[in-house]
Amino acid sequence: MSTTFQLDTSTSRANPTPSPMKRLTVPAIRARKKGGAVDTPIVMLTAYTARQAQLLDAHCDLLLVGDSLGQVIYGLPSTVPVTLDMMANHAAAVVRGSYHAVVVVDMPFGSYEASPHQAFASAARLLKESGAAAIKLEGGAAMADTVAFLSQRGIPVMGHVGLTPQAVNVLGGYGARGRSTAEADKITGDARALDDAGAFAIVVEGVVEPIAIAITEQVSCPTIGIGASARCDGQVLVTEDMLGMFERVPRFVKRYGDLAATIEADVARYAEEVRARSFPGPEQTYQPK
Ligand code: KIV
């Protein structure tokens with residue numbers, strides 16, 4: 001499978017193929033943290049479709065095909081029902097739409113927790129079917145053996161600690177984690193275990209800021225924060241959240257756009273013109289020669 005963006009522009013609505021550019025690699029991302037810090041923070045956003053990937057790619061170091069697509073794309077109540085098929089299909093689209101960023105794909109709930117062997121089979125399938133370069137999985141110390149197993153067998157792993165949405169039924173909600181000393185110690189220990197096991201980066205989600213800072217200081221691989229701290233080695237957001245597609249977003253999201261309002265206004269204008277028979281006009285209709 002080619003990992004270079006090569007859509008056929010005669011049959012698709014894609015932008016013309018951009019000038020070829022070498023795709024970033026997992027080792028290059030890992031190496032951005034030297035002497036305990038990165039020079040420039042790492043930029044990651046979620047992407048679920050080819051067109052979205054095209055628009056984000058040049059600005060991002062990493063594109064995450066997050067299992068948040070369960071809620072964002074499929075309208076599911078949580079990430080728990082997301083399947084390997086969904087992840088593989090969306091990851092393949094994102095790889096086709098990108099040529100620069102490292103594409104990381106989330107392992108969905110139930111596809112990796114039972115054993116390192118189960119995780120290897122699922123991860124290998126995702127990478128083979130999509131062309132993505134790495135997988136992400138949720139969980140800390142309990143997943144360390146699995147992270148080591150995968151990394152030693154050619155599958156780069158991004159860890160994910162703190163608020164781990166797949167565990168919503170155990171956590172009881174999506175509130176910030178680490179307010180008690182015991183919980184803070186558990187989360188920092190989780191991050192250290194993943195780092196020792198060979199994770200190339202770790203997402204730190206929804207934790208009180210001192211924990212994010214402590215983890216960033218204590219682990220050798222880059223940390224990618226979401227609802228964490230500007231002092232993490234990088235940041236990630238769900239793209240639809242930061243572009244203003246939803247009315248309700250978590251407190252840690254900054255809206256950089258108001259896409260929902262733009263879409264509503266444009267669609268209202270279209271509906272009005274259809275009803276008034278002013279669309280299609282002469283420019284959009286074909287006449288006999
Ligand atoms: O699924 C996802 O989008 C994620 C990010 C929010 C880190 O895991």
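Ala, Val, Leu, Ile, Met, Phe, Trp, Tyr, Cys and Pro count as nonpolar here, Asp, Glu, Lys and Arg as charged, and the others, Gly among them, as polar. Sorted that way, the shell around the ligand has 4 nonpolar, 4 polar and 3 charged residues. Keep in mind that you're looking at a predicted model.

**The ligand and its surroundings**

- To find the ligand, head for the largest pocket, which is where the ligand sits.
- Around the ligand you'll meet T46, L64, G66, D67, S68, D106, K136, H160, V203, I226 and V238.
- S68 puts a side-chain N or O atom 2.5 Å from an oxygen atom of the ligand.
- D67 has a polar side-chain atom 2.9 Å from a ligand oxygen atom.
- On its own the ligand would expose 260 Å², and the protein buries 95% of that.

**Aromatic pairs**

- Searching the whole structure turns up 2 aromatic pairs.
- One of them is F120 with F149, an edge-to-face pair with 6.5 Å from centre to centre and 80° between the planes.
- This pair ties together distant parts of the chain: F120 belongs to helix α5 (residues 116-130) and F149 to helix α6 (residues 144-151), and the two are 29 residues apart.

- Most residues other than glycine have a negative phi, and most peptide bonds are trans.
- You'll find R277 in the segment after α11.
- F279 and P280 are joined by a cis peptide bond, with omega at about -5°.
- P280 also lies in the segment that comes after α11 (259-275).

Notes. Residues numbered from 1 in each chain as written. Predicted model: local features only at pLDDT ≥ 70, side-chain atom pairs only at ≥ 80, totals over all residues. Heavy atoms only, no water. Near = heavy atom within 4 Å. Polar contact = N/O pair within 3.5 Å; in protein donor to acceptor, adjacent residues only side chain to side chain. Areas by Shrake-Rupley, 256 points an atom, 1.4 Å probe, with all protein chains shown as cover. 1 Å grid on protein atoms, 1.4 Å probe; cavity = no way out; pocket = protein on both sides within 12 Å on 5 of 7 lines; lining within 4 Å. Sits in = over half its atoms within 2 Å of the grid points. Phe/Tyr/Trp six-rings, centres within 6.5 Å; stacked < 30°, edge-to-face > 60°. Helix = DSSP H or I, 4+ residues; strand = E, 2+ residues; numbered from the N terminus.
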